[in-house]
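I opened this entry to keep track of what I looked up, in the order I looked it up. The structure goes in first, and my notes follow.

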Amino acid sequence: MNRLLMRLALLFVSLACLAVPARAALDPALIAGFAGDFGSRVAAIEALGVDGSADARRVLSALEAGNLGVVSERVVITDGDEVMDAASGDKLEMAVTEVDTITLNNRLRRSIATANAAFALFSASPAERLAAATTMRENATETMTPALERALAAEQDEAIRTVLEYALAKINLGSSDTAKRLKAAEALGGSSDPAVKNMLSALLEKTGEGKNAMWVESSAEVRAAAEASIRAIERRISIAQTAGTMFSGLSLGSILLLAALGLAITYGVMGVINMAHGELLMIGAYATFLVQSVFRSHLPAYLDWYVIAAIPVAFFTAALVGVVMERLVLRHLYGRPLESLLATWGLSLILIQAARVTFGPQNLELANPSWMSGGIELAAGVVLPWNRIVIVGFAAFVLVLIWLMMQKTRLGMFVRAVTQNRPMAGCVGVPTARVDTMAFAIGSGVAGLGGLALSQIANVGPAMGQGYIVDAFMVVVLGGVGQLAGAVWAALGLGIFAKFLEGWAGAVIAKILVLVFIIIFIQKRPQGIFAVKGRFADS
Amino acid sequence: MRTPFTVRLFQSMPRTGWIALAVFAAITWIGIPVAHLVLPEGHALHVSAYTLTLLGKILCYMVVAVAMDLIWGYAGILSLGHGLFFALGGYAFGMYLMRQIGRDGSYGSDLPDFMVFLDWKELPWYWAGSDSFLWAAFLAMALPGVVAFIFGWFAFRSRIKGVYFSIITQALTYAAMLYFYRNETGFGGTNGFTNFKRILGYDITAPETRVMLFALSAALLIACLVLGRYLVTSRLGRILTAIRDAESRVMFIGYNPLHYKLFIWTLSAVLCGMAGALYVSQIGVINPSEMSPANSIEIAVWAAVGGRGTLIGAVLGAGIVNLAKSYFTVTVPEYWPFFLGFLFIAVTLYLPDGVVGLWRKLMTRKAGDSAEAAPQPARAAVEGKTGEISDTATKGASA
């Protein structure tokens, strides 16, 4: 009932608005400032922002377009050859050439942006309102208070309300009333925004030199409140950032895991390091690109789902290339691991150059599907992107599949048997040659899936695999050979460790430190995290 | 009674080896300098500055290949990070060359151009002494040596070997490359060191200086070959070979492989550093791309193409591959990676003993045909040896 009444009331109000003649005009006093000096122009713009009426917007947009001018203390708008009074909108009998146009500088432009934001606070779209509120929080001055208060009263959306409250609190921090400042300093403690923190810490500084130094904020009480608020904000920011770092470590770990799983399988089974493993990632990514192109030209309506369709394509393309590699080259290198490094490196050179010649040396453009773009915002500046979340889930899914394959199928049993003791497995009838090929196909296929995942977050180019092969091998070294569990722990651990180090020391130093860590780790545990116990592990 | 050192040194190489070295020395110390300096431009035998630089570069690469062969061919340690030591030597000496530019840089400052560009006011501490030739020459050997010693000590002590060791060396050079790419490290970032003007006060582009550097590179190569030959025929060399073939057994006999491996590993790095210093002086540029893993793995392929464990094979391999590379990259650059890739595969699959192995096989077959001799005992020994290698290698892999 109440709501119905409100709607009726709204209807009447809007009708009333319509009923007012369109040229009912602005109070000329409001815009008289434009005829004055620079400071009064700024004040006039802000006043327009607070006013918020259609006429205020008209005048402001004219100013923005460079059509606002002054003719002997009178503010006018030019439109082609016509000159109109800015306040009333009435046509004036004078030539455009007589008008002294107001030129804009950066200060004025910023004021216009703020005023525009003040208008947008009442927009119908929540996104626009949020953006406007954020702008207000950054730029608003005390004169904007009425507009903000009006907006806050009308606002329903909780997120926008918070931003508006901060904007008001920020204005109040500069107020001359100590009680108002105290309240604002306390209220800002609820934020998790570094910008708010900076605002508060500005209060705790001193101006001037030596004995004449004065606190920016004169009241000790307000300073204490600000300090408490800063601590609260810092705690919240650091928690959010830690979570963010953990997450990016997790997502890096997932990529490493996808790259290393295949390597762990093939190295475990055959004792052959495949230096071309990174190129299998590249092939997976290129396969994804081709699927995207097909969808673009033939099934544009389903473009969002190309990633799903690319899963089998990436897997089987990479697996096929892997089988060819195994049959032609690696098969002949059993028991010669050092030489196999060189031969597979040769393969990787050929594959990279083939990709470069076929697709060109530039990076390919792969678009994230719409359902993978955007993210969850933990705090200001800490966003968990959807594409990374999907990749973490995808890696887990692949891991489960591989685990099931290794533990529950006959092929998996064979693979484990050959990994543990090749001659003995052969003696009891395991077709070791076929197991090798199958294991290599699966390992390569998983690398292809890794490439698919990488294509969603990183650049896709001919040499993209090179950056991951060393890291992936580190995972295998750390996790222990032929150990899925070891690979998982090592990949996630390395990913998270590397990301924390990165935040602390920068990416390059982090890489070097990780390397040093691995060398020291191998000193202690040459068999990896999960050493295989038993005689076959003893060399 | 021990044979005197000089006699042992002389005995370490067959007479044909000494003759070949003498011929090589005559060509590189007299033949090519004369062809470059004396013969006029149009003359059929004239060696242009381009060719001289190319040959000098290849000589430096040959030294690196010999250093690689010492550790891979004789000690069974495959390093995929030797480019790092080469580049470290180059950087250490490049610092001196940068200082020799003096105020002739584009900013006319005492500091190297890139430091002026970064608005640095004074040289970082590690540039101290870089204006001294002797210190630079010492650093070019000591820096790679120290890095190799520390890394090798940790790695060999924990008995990291086989592919593990290879991959970790690769990671090492990769990490170093990333580090040197940064501007604030004081090594010129992406551009590295270049635009050298002088060495020891002489114009670095003058024909006489070029010839001198070329002859020095040849001397270094000869010294490397003699030293290498001496080492591998000495007791130390035999222990190294034993370590390569069956490390555990060597340990059970009572040797500590750590010392032997560490010695040859560090020596190899020092040789690379010296080659790097000469390389920079002749090519006139050093930048972090020299440390890329691809460069290091190419070094391994030089040794493999020539034939491991022969020293002369490494020299041949480096020569063949680099001549092919300069031919390909001039005529059909896009096919060079294909060629190199196929070379990697073909050598490992079909020529495990490289060009030298192929030559020996042909020679023994010829000898066998003419004399209809019984199966060569030497051949049986070689086969037994390769069996050992794969045996230990598989065990290493499963460790």
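I began just past the end of H11(B), where B:Gly284 takes a positive phi of about 85°. I kept in mind throughout that this is a predicted model.

I then went back along the helix itself. H11 of chain B covers residues 257-283, 27 residues in total. From first C-alpha to last I get 38 Å, close to the 39 Å expected at 1.5 Å a residue. Is H11(B) mostly covered or mostly open? I found it mostly covered, with 20 of its 27 residues buried.

Next I looked up the nonpolar cores. The largest has 205 residues, and A:Ala260, B:Val63 and B:Ala65 touch the most other members. I noted that this list names residues of chain A and of chain B. Which helix gives the most to this core? It is H3 of chain B, residues 49-74, with 17 residues.

I took B:Val63 as one to follow up. Leaving out residues up to four places away in sequence, I list B:Leu220, B:Leu221, B:Cys224, B:Leu271 and B:Ala275 as the residues that B:Val63 touches. B:Leu271 and B:Ala275 are among these partners, and H11(B) runs over residues 257-283.

**Where the chains touch**

I counted 36 residues of chain A in contact with 44 residues of chain B. On the chain A side, the elements that give two or more residues are helices H14 (337-359), H19 (466-479) and H21 (507-524). H14(A) gives the most, with 14 residues. By class I put this side of chain A at 26 nonpolar, 7 polar and 3 charged residues. For the model I wrote down ipTM 0.82 and pTM 0.74.

**Chain B as a whole**

I count 16 helices and 4 strands in chain B. The radius of gyration is 22 Å against the 21 Å that the globule rule gives for 399 residues, so I record chain B as being as compact as a globular protein of that length. Its C-alpha atoms fill a box of roughly 75 × 55 × 55 Å along the principal axes. Of the 399 residues, 45% count as buried. Among contacts in chain B with a separation of 6 or more, 79% join residues 24 or more positions apart.

**Chain A as a whole**

Chain A has 21 helices and 9 strands. I find 44% of its 539 residues buried. For contacts in chain A with a separation of 6 or more, the share from residues 24 or more positions apart is 69%.

**Confidence**

Chain B averages a pLDDT of 86, and 92% of the residues score at least 70. I marked residues 373-399 of chain B, where the pLDDT is below 50; this stretch has 35 contacts in the model beyond near neighbours in sequence.

The mean pLDDT of chain A is 80, with 90% of its residues at 70 or more. Where does pLDDT stay under 50 in chain A? One stretch is residues 17-23, with 2 contacts beyond four places in sequence. Another is residues 534-539, for which I note 11 such contacts.

Notes: Residues numbered from 1 in each chain as written. Chains lettered and ligands numbered in written order. Predicted model: local features only at pLDDT ≥ 70, side-chain atom pairs only at ≥ 80, totals over all residues. Expected span 1.5 Å × (residues − 1). Buried ≥ 20, exposed ≤ 12 C-beta atoms within 10 Å, placed from the backbone. Contact = placed C-beta atoms within 7 Å. Nonpolar A, V, L, I, M, F, W, Y, C, P; charged D, E, K, R; others polar. Core = buried A, V, L, I, M, F, W, Y, C linked by C-beta atoms within 7 Å. pLDDT = per-residue confidence, 0-100. Rg over C-alpha atoms; globule rule 2.2 N^0.38 Å.
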